[in-house]
Amino acid sequence: MSILEMPMNGFGATGVRDDLQAAVQLPEIEDADLPMRVLVIEDDRDAADYLIKGLRESGYSVDHAADGREGLSLALSESYDAMIVDRMLPGPDGLSIVEMVRKASIPTPVLFLSALGDVEDRVSGLKAGGDDYLVKPFAFSELLARLEALLRRANPNQENTFLKVGDLEMDLLARKVTRQSKRVYLHPREFRLLEYLMRHAGQVVTRTMLLENVWEYHFDPQTNVIDVHISRLRQKIDKPFDTAILQTVRGAGYKLEPAA
Amino acid sequence: MNRASIAKLFNVFGSTTFRLVLAYTLIFSLSVGGLFYFVFWTTAKFAEQQIEAAIDSDVTGFKDTYARAGLRGLVMAINRRVEPDLRGDGVYILVDSLGNHVAGNMNHYPPKVVVDDIWVTFPITDVSSATEKVGDVRALQFEVPGGFRLLVGRDIRDARKFRAQLVHSLDIGLAITAALGLIGGFVFSRTIMRRIESITRTCRRIMSGDLSQRVPVTRTTDEFGRLALSINAMLDQIERLMRSMQQVSDNVAHDLRTPLTRLRSRLESALRQMNDPANREAVEGAVADADSLLATFAALLRIARAEAGSQRNFVDLDLVSITEDVADLYGPLAEEKGLAFASDIKPGLLARGDRNLVAQALANLVDNAIKYTETGSVTISVTDRDHRAVLVVADTGAGIADEHKDKVLERLVRLEQSRTSPGSGLGLSLVAAVAKSHGIELLLRDNNPGLRVELIFPRVEAVVKTASPPTVPPAEKEAGSRRAAE
């Protein structure tokens, strides 16, 4: 099962929504019939086609700009839920576009795409006002997972000290996790891993995203060490119970989602 | 003068320029010495010739007098010459055949003077009361008919003094020449060294990865200016080449990775329509193959970037947290394999670098250690050696034979016995690349049994601590703020 199969007119599978609503405020769920609007600023035709096709298949409404100037005017005049911006563009480059968009006080989340993968490029991209950074080429599932995470971030629920996904509950203040009202004891790192998964419940979370956000490193672990951590977490939150809540999404990553 | 400046001074003496200058000073001093000797020799000769000419003319005069006025006239002429009020430096003596004094201002004919028409030099101690002459005399003697002998000479003490004075002056001149040569050489070599040193410094900075560095050009017209310009032009060329190489690797990334990614996506979407388990398995295998190809490309690009890594982005590293994080990340993997996993971390060690690259290098080492160890343990430690931080990853696996130790650091090299295990063979090359760009000494040692890899960080000069807290690497800041935004 891939993320591409998921109905994308909103967040995740429909079954999750009621559970999610209890814990996470998602204002866009109210206008779930309207597709999310994404602006893609990418000059490379092939890459743009690939992106647009994939995004439309996933239920997004996509506007495309093939150069910096057009991209900037669209970004400033239209209202989008997210922007995907290539760093290298004819006309103003990606960095300048995002800087100008931020100067105009437009908070739309921005995902940078770039063939440059150095830390300094990542840092300069994020400094310019980007929210995430993805090095080309990427697996589409990775882009989709990150885009979803960004869209979720645009509706922050930072005051949340209590997370609930299905029958799994996390009290961030008491550092307490329960499932079906039974206490689950986690190591600090497992706690953070689960917290990240719960905050992105219903979304596909890739291994790279986990390494970046739970361990805070930008590198590629040669073996899938993340899998080992996930399987340990499963031992604690899934194995003692009758249903599995932590799913593996083949070829993409993981998803925390209560069985429908 | 402190130690450093003394060392610097020795440095000046040890420099090629200084040795050259020393050689030149020597040659120059020898030439000047030769010139001085020539001047001395001709001057002294000239003074001697003057004296001899005076004596010669005296002798000619006396011979004339004798021919005109006989012995009597000669005696009169000599007496005239030695009159007390006539203050000359002439020395005269006329003796008869028995050696008795007849005329002149010397009391005795000097001994050991062969009667001959030749030049003699002798010391005199006995002089007539009239002149009080003591000292060396240069003289010509000749026989006067009737057994008389005449000695005509000149006191050469003044000439000797002049000669000594000349030698003294020339010695001082030579000493001054040599001293000036040395001082000049010192200043000259220091000036040149400073300019060469600035070139060396630039080169060193470039070698450490900062290709944007250029040699400062002070004057464009002199040789150093031209050298600096040539070096800078060469650096421009190298930078251009590096950039085009980067371009090529980015092109590789783009041209090969993009279709590969698309292939992967197509396989994935094909997979969605597939129900036959046999087909599914085949396509899933293909996806996995595409993934491993993509991982290899990614690793190659990462190595290239790590090698070209610039120290400009270096921050103070928290080796304790990096090591703990990597231990935390890989610990479960080791335990899963039934290996004992331990870390021994000494806090408070200073190191600088790129946090992600160092973490990646350490992660690769731990990953390899776990991969190639079947039983026993994997240990990570942070220790201190001569005030240098050392990261050690030791395992009890098969180890690497000495003859293979260099080879495994090369790209895509995997030892034959390990070909069967998964991996791209780029893990250690990345470690080597990170070590290179960080100035880290990378040692592969025997752990008896197993492999012990040591990363010895360059010494960090204890900088004066400012009041501000230790630098938080930018990556951490982002991650922190991102978490806060969630």
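In the predicted model, helix H6 (residues 319–336) of chain B packs against helix H7 (residues 355–371) of chain B at an angle of about 30 degrees, and the two axes lie 10 Å apart. Because angles under 35 degrees count as roughly parallel, H6(B) and H7(B) are therefore assigned a roughly parallel arrangement. Their crossing is right-handed. On the side of H6(B), the contact is formed by Ile322(B), Thr323(B), Asp325(B), Val326(B), Leu329(B), Tyr330(B), Leu333(B) and Ala334(B). The residues contributed by H7(B) are Arg355(B), Val358(B), Ala359(B), Leu362(B), Ala363(B), Val366(B), Asp367(B) and Ile370(B). Classified by residue type, this contact of H6(B) with H7(B) comprises 12 nonpolar, one polar and three charged residues.

The confidence of the prediction was examined next. Chain B has a mean pLDDT of 77, with 80% of its residues at 70 or more. Among the elements of this chain, strand E10 (residues 388–395) of chain B has the highest mean pLDDT, 92, whereas helix H9 (residues 474–485) of chain B has the lowest, 41. The pLDDT is also below 50 over residues 416–422 of chain B, a stretch with four contacts in the model beyond near neighbours in sequence. Residues 464–486 of chain B likewise stay under 50 in pLDDT, and the model has 23 contacts for them beyond four places in sequence. For the complex, the predictor gives an ipTM of 0.72 and a pTM of 0.58.

Conventions:
Residues numbered from 1 in each chain as written. Chains lettered and ligands numbered in written order. Predicted model: local features only at pLDDT ≥ 70, side-chain atom pairs only at ≥ 80, totals over all residues. Axes fitted to C-alpha atoms, helices over the stretch in contact; angles between N-to-C directions. Helix = DSSP H or I, 4+ residues; strand = E, 2+ residues; numbered from the N terminus. Parallel < 35°, antiparallel > 145°, perpendicular 65-115°, else oblique. Left-handed = near helix turned anticlockwise from the far one by under 90°. Contact = placed C-beta atoms within 7 Å. Nonpolar A, V, L, I, M, F, W, Y, C, P; charged D, E, K, R; others polar. pLDDT = per-residue confidence, 0-100.
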